[in-house]
Amino acid sequence: MKVGIFETSEEASRVGAEQIISLLEKKPGATLGVATGSTPDGLYAYLRAAYKEGRFTLADSKAFALDEYVGIDPDHPEAYRNVLRRQLVGFTGLTEENLHTPNGQAADPDAAAAEYDQSIKDAGGVDLQILGIGADGHVGFNEPGISLASRTHRDALAPQTIRDNARFFDDNEAKVPRACLTQGIGTIMEARQLLLLAFGENKAEAVKQLVEGAISSRWPATILQAHPSVTVLVDEAAASKLELVDLYRARWDLD
Ligand code: PGA
């Protein structure tokens, strides 16, 4: 796990976006795993600007969302398919057909989850997965206590996540969907590269656990320590509880 600590989230987002652009230079048409939430906003903005400058295209790439709310109106602006449309479709070359999201309206969510997992495999797997992290240590919507080998599945949102996401639903917790379909931890771990971003004091404990905690489903993101290719990009606030900052900076500077 490589940890990059930056003064600002903008700088971290630029470094993350450049990692994606350089992957696409080496492997045009690479498959991306795409996260929602506020964290990747800056990274996606940088990618849109770089696309405008002609630096890369996702025209031949597929993108697989990490998760989707169950039961949300498909026209709701916060349905993750709509969030990702606004962020990426057209503005990065990504086409509507190549954007894949779990079917939150499926009559049989378990079957929809299994189909989604299979569709990632059928596409040859994810080359680079963009990740945020929840304040409770979730990745995707893999909330504490989930199997660290889980596949795409339906889960309940943790109370902490409902509180955190109320800001997208008129600050009204009652409007936040209670369930989701999410790529499982085992699914995420099969991506060839993982790129996790975290910003702000609110993420400091989750980042501490992610980088320095014992692997445990209490903090599901800790399993990323067992992945061979993980880059964690944080601002100083999110890094504020890390013990071994000097070592991480020295390791980062080696490259
Ligand atoms: P956020 O969410 O980017 O909105 O903070 C991250 C996550 O829940 O994974």
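1. How do the residues of the shell around the ligand divide into nonpolar, polar and charged? They comprise 1 nonpolar, 6 polar and 2 charged residues, where Ala, Val, Leu, Ile, Met, Phe, Trp, Tyr, Cys and Pro count as nonpolar, Asp, Glu, Lys and Arg as charged, and the others, Gly among them, as polar.

2. This is a predicted model, in which local features need pLDDT of at least 70 and side-chain atom pairs count only at pLDDT 80 or more, while totals for chains, interfaces and linings use all residues. Residues are numbered from 1 along each chain as its sequence is written, and side-chain values use heavy atoms, with hydrogens and water left out.

3. Surrounding the ligand are G37, S38, T39, G132, I133, G134, H138, R167 and K203, each with a heavy atom within 4 Å of the ligand.

4. The protein buries 83% of the 280 Å² that the ligand exposes when taken alone, with accessible areas from the Shrake-Rupley method and a 1.4 Å probe.

5. As for the lining of the largest pocket, its residues divide into 9 nonpolar, 11 polar and 4 charged.
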